Amino acid sequence: MYISITGLKAKNFFSKITFWLLAIPSFRAAQRADGNIYCETKSFNGYQHTLTAWKDRKLMVKYLNGTEHSKAMKNFRAIATGSTYGYESDHIPNWDEALDLWNKNFKYY
């Protein structure tokens, strides 16, 4: 399966409003997406994190190219900063493992 760990931080108060207006529909779309096995969020150190597991990378990319996620990504640079780390695995990490992996592999967009 393909694991994706994302951490995003809104740039300011006003961008936080836009962030949530885009993030909520995108997250709901991920929950319903074909191939999604696990989808959860967590706030930590000022970042809004998502941890998702997919049957395979191809199905995750299909979701990424979908309407809701594409709309959010068009606005990303104006409203937030952060990083995503993805990898193949045979198990879904717990949040401690996921945040550790994300921190070790963090690269600003």
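Helix α1 has 20 residues and spans 29 Å from its first C-alpha to its last, close to the 28 Å expected at 1.5 Å a residue; the expected span is 1.5 Å times one less than the number of residues. Helices (H or I, at least four residues) and strands (E, at least two) are DSSP runs numbered from the N terminus. The model is predicted: local features need pLDDT of at least 70, side-chain atom pairs count only at pLDDT 80 or more, and totals for chains, interfaces and linings use all residues. Residues are numbered from 1 along each chain as its sequence is written, and side-chain values use heavy atoms, with hydrogens and water left out.

**Helix α1**

- The N-terminal end of α1 is capped by N12, which places a side-chain oxygen 3.0 Å from the backbone nitrogen of F14.
- Within α1, the residues S15, F19, L22, S26, A29 and A30 are buried, where buried means under 20% relative accessible area, exposed over 50%, and partly exposed in between (1.4 Å probe, protein chains only).
- These buried residues pack against the strands β1 (2-10), β2 (36-44), β3 (47-54) and β4 (80-88), and against the helices α2 (57-64) and α3 (67-79).
- L21 belongs to α1, which covers residues 13-32, and L21 counts as exposed because its relative accessibility is 61%.

**Nonpolar surface patch**

- F13, F14, I17 and L21 make a nonpolar surface patch of about 500 Å².
- Patches are made of residues with over 30% relative accessible area and no salt bridge; like charges are joined within 9 Å, and nonpolar side chains (Val, Leu, Ile, Met, Phe, Trp, Tyr) within 5 Å.
- A salt bridge is a side-chain nitrogen of Lys or Arg within 4 Å of a carboxyl oxygen of Asp or Glu.

- G35 lies in the loop between α1 and β2 and counts as buried because its relative accessibility is 5%.
- Not counting residues up to four places away in sequence, G35 touches A53, W54, K55 and L59; contact means heavy atoms within 4.5 Å.
- G35 and K62 are 27 residues apart along the chain, and their C-alpha atoms are separated by 9.4 Å.
- S4 is located in strand β1 and, at 8% relative accessibility, counts as buried.
- Leaving aside neighbours within four places in sequence, S4 contacts T50, L51, T52, T84, Y85 and G86.

**The loop between β2 and β3**

- N45 is found in this loop and is exposed, with a relative accessible area of 59%.
- The phi angle of N45 is near 55 degrees, a positive value in a residue other than glycine.

Note on methods: Areas by Shrake-Rupley, 256 points an atom, 1.4 Å probe, with all protein chains shown as cover. Polar contact = N/O pair within 3.5 Å; in protein donor to acceptor, adjacent residues only side chain to side chain.
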